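Here is a short briefing on one protein chain, written for a reader who is new to looking at structures. Please keep the sequence and the 3D view open while you read.

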Amino acid sequence: MHVYQAKTFSIPPLDGISEESVKQHIGLYEGYVKNFNAMSKQVAELAVEDADKYAHPVSELMRRRSFEFDGMRLHEYYFAQLEGGSTPLTINGPLAKTLAEKYSPYGIEKVMTMMGNIRGPGWAILYWDPEAKEPLMSFVGEQHQGHLVTLPIILALDVWEHSYILDYGALPAGKAKYIEAFFKNVNWGVVEERFAAYTS
Ligand SMILES: [Fe+2]
């Protein structure tokens with residue numbers, strides 16, 4: 001069985017998101033990795049020991065395991081976007097053009113901000129649909145509810161309270177400030193590389 005290892009991220013000082021917040025957030029990410037591994041091990045052990053006796057615990061572990069896996073993987077997308085320093089979207093680059101076509105006249109940041117401000121813990125996620133050849137957005141509740149199946153992720157914005165409560169408090173106005181800060185710090189170069197890989 002594969003044991004996942006927590007990745008490390010080289011995140012420079014951010015504008016509007018404190019080092020302590022990033023440090024605690026990475027600690028939470030490591031918890032997802034740990035829990036996914038632990039649940040995988042536990043479910044295998046219970047199923048081998050007595051599948052009938054442990055049917056319900058196994059069922060619940062399997063239902064919740066995607067919460068841990070998606071929490072692990074989404075945070076890897078999220079932190080990777082903050083590595084390397086704030087970098088703007090290449091003007092007239094392939095991604096900029098695609099996003100402008102789809103999200104004009106508001107622009108991607110405004111549309112994603114609206115999505116991010118939806119109430120409840122989760123993520124605003126921008127995907128690429130290779131079939132329609134256009135980006136699609138979804139609000140993912142917790143880490144795992146509402147994903148667009150099979151679509152690769154272009155940009156992942158964490159809007160759980162833990163992303164901003166330390167810097168901005170728990171109120172919706174704080175969340176909005178955090179989203180603004182997030183977009184100030186995104187390395188769009190990382191995002192463009194993803195898009196290039198999906199469209200090559
Ligand atoms: Fe998070």
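Thr150 lies in the loop between β2 and β3, where helices (H or I, at least four residues) and strands (E, at least two) are DSSP runs numbered from the N terminus. This is a predicted model, in which local features need pLDDT of at least 70 and side-chain atom pairs count only at pLDDT 80 or more, while totals for chains, interfaces and linings use all residues. Residues are numbered from 1 along each chain as its sequence is written.

- Most residues other than glycine have a negative phi, and most peptide bonds are trans.
- Thr150 has a positive phi of about 70 degrees although it is not a glycine, and with 9 C-beta neighbours inside 10 Å it counts as exposed; a residue is buried if 20 or more other C-beta atoms lie within 10 Å of its own, exposed if 12 or fewer, and partly exposed in between, with C-beta atoms placed from the backbone.
- Lys133, found in the loop between β1 and β2 (134–141), is also not a glycine and has a positive phi, near 55 degrees, and Lys133 is exposed, with 9 other C-beta atoms within 10 Å.
- Ser104 and Pro105 are joined by a cis peptide bond with an omega of about 5 degrees, and Pro105 lies in the loop between α3 and α4.

**Overall fold**

- The protein chain has 7 helices and 3 strands, which follow the pattern α-α-α-α-β-β-β-α-α-α along the sequence.
- Along its principal axes, the C-alpha trace of the chain spans about 60 × 40 × 30 Å.
- Buried residues make up 26% of the 200 residues in the chain.

- Leaving aside its neighbours within four places in sequence, Ala156 is in contact (C-beta atoms, placed from the backbone, within 7 Å) with Leu74, Tyr77, Tyr78, Trp123 and Ile125.

Key:
Two residues are in contact if their C-beta atoms, placed from the backbone, lie within 7 Å.
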